[in-house]
Amino acid sequence: MCFPFLREVLLPLRPNVMIEPARGVEVTGYKQNSMQKPGANKRMNRRDFLGVAGLAVTGGSITCLGSVLGYLSLRYITDQTNASDTTPSGSESQVTLVKRINRPPITTRAQWGARAPNHAALNEAGFYNTDNVEGWRIYDADLREVYRTVVVHHAALYEGDDPGTMRAIQNKHMDDRKWADIGYHYGVGRTGQVFAGRDLNVRGTHVETYNTGSVGVVLFGDFEKETPTAEQIAATRQLIDWLALRLDLTHLAGHRDFNDFTVCPGANLYPYLPSFAESAGLELGTGGYVPPPEQLTPNPSPES
Ligand SMILES: [Zn+2]
């Protein structure tokens, strides 16, 4: 049952993407490993992915690893290619260029005790439409068409532990800055715990003027004074690898690259940004910022 279903959803799939989360099905993506081959530091493109996926189907190599969370495993392709080596000479085998990217474990809003968004907030009042362009904007397009850049931040604070810090950031954004919700889409704690922030379907509030189409990731701490932990860096890398693949991102930037009035993400985190970008196959900097087309229809109010 699982196998034909996966085939059905896979084939029309555009690559690099988690699909149909509401149906509990997720495809684990792969990308070319930039460490293997100079000049190959791009994520596997759509054609590459479909080619590999097609090969997997042909070879019967799809495995269903779970009925609730289904993963598409291309691992066997690697084995196959190794074993039979039918790759024409002169063309790199897929084996050395493929890197597996797993979705990191993410603490849900309910689990960390998030407050519900406040749509009467002073500085993010009401819902986006052409008369209220600063309002709560729910993207109605495919998120892969919406997002281009991941923007890295530091929280500039730490409140006792990781979940407490996530709550403190949300309180600061809602109570002090009068936004409808926490501004970032993801938080990464000192222990490496990853938190879901603002819904990814909603425009963030984290990089002034450039929020539309930018996914916001915040690391807990003040990295003008402190240094990020090894666990935090590793978790951030995995999160960004996964976001880049899932959202078909092109660029990674630090907050201060867009907004020169801030030092965010701090002097001790900023040097890690090139390695995050390289790992995820992203260009470094603000060059990818292209706001998605304006919506013509106002957002509907969420039911709850
Ligand atoms: Zn920032």
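Let's start at one end of a sheet: His251 has Glu283 of strand S9 as its bridge partner. Strands here are DSSP runs of type E with at least two residues, helices are runs of H or I with at least four, and both are numbered from the N terminus. Before going further, note that this is a predicted model, in which local features need pLDDT of at least 70, side-chain atom pairs count only at pLDDT 80 or more, and totals for chains, interfaces and linings use all residues. Residues are numbered from 1 along each chain as its sequence is written.

Back to the sheet. Strand S9 covers residues 283-284 and runs parallel to S8, with two bridges joining them; two strands count as paired if DSSP finds at least two bridges between them. S8 also runs parallel to S4, this time through four bridges. Thr149 stands opposite His251 of S8, and Val151 has Ala253 as its bridge partner in S8. In general, strands of a sheet pair through backbone hydrogen bonds, either parallel or antiparallel.

Which way do the residues of S8 point?

Leu252 leads us into the largest nonpolar core, where it is among the residues that touch the most other members of the 43. A nonpolar core is a set of buried Ala, Val, Leu, Ile, Met, Phe, Trp, Tyr and Cys residues joined through C-beta atoms within 7 Å. Elements giving two or more residues include S4 (149-154), S8 (251-254) and H9 (273-280), while H7 gives the most, with eight.

Finally, a word on confidence. pLDDT, the predictor's confidence in each residue from 0 to 100, averages 75 over the protein, and 63% of the residues score at least 70. pLDDT stays under 50 over residues 1-27 and over residues 32-97. Where pLDDT is low, the predicted coordinates should not be read in detail.

Technical notes: A residue is buried if 20 or more other C-beta atoms lie within 10 Å of its own, exposed if 12 or fewer, and partly exposed in between; C-beta atoms are placed from the backbone. Two residues are in contact if their C-beta atoms, placed from the backbone, lie within 7 Å.
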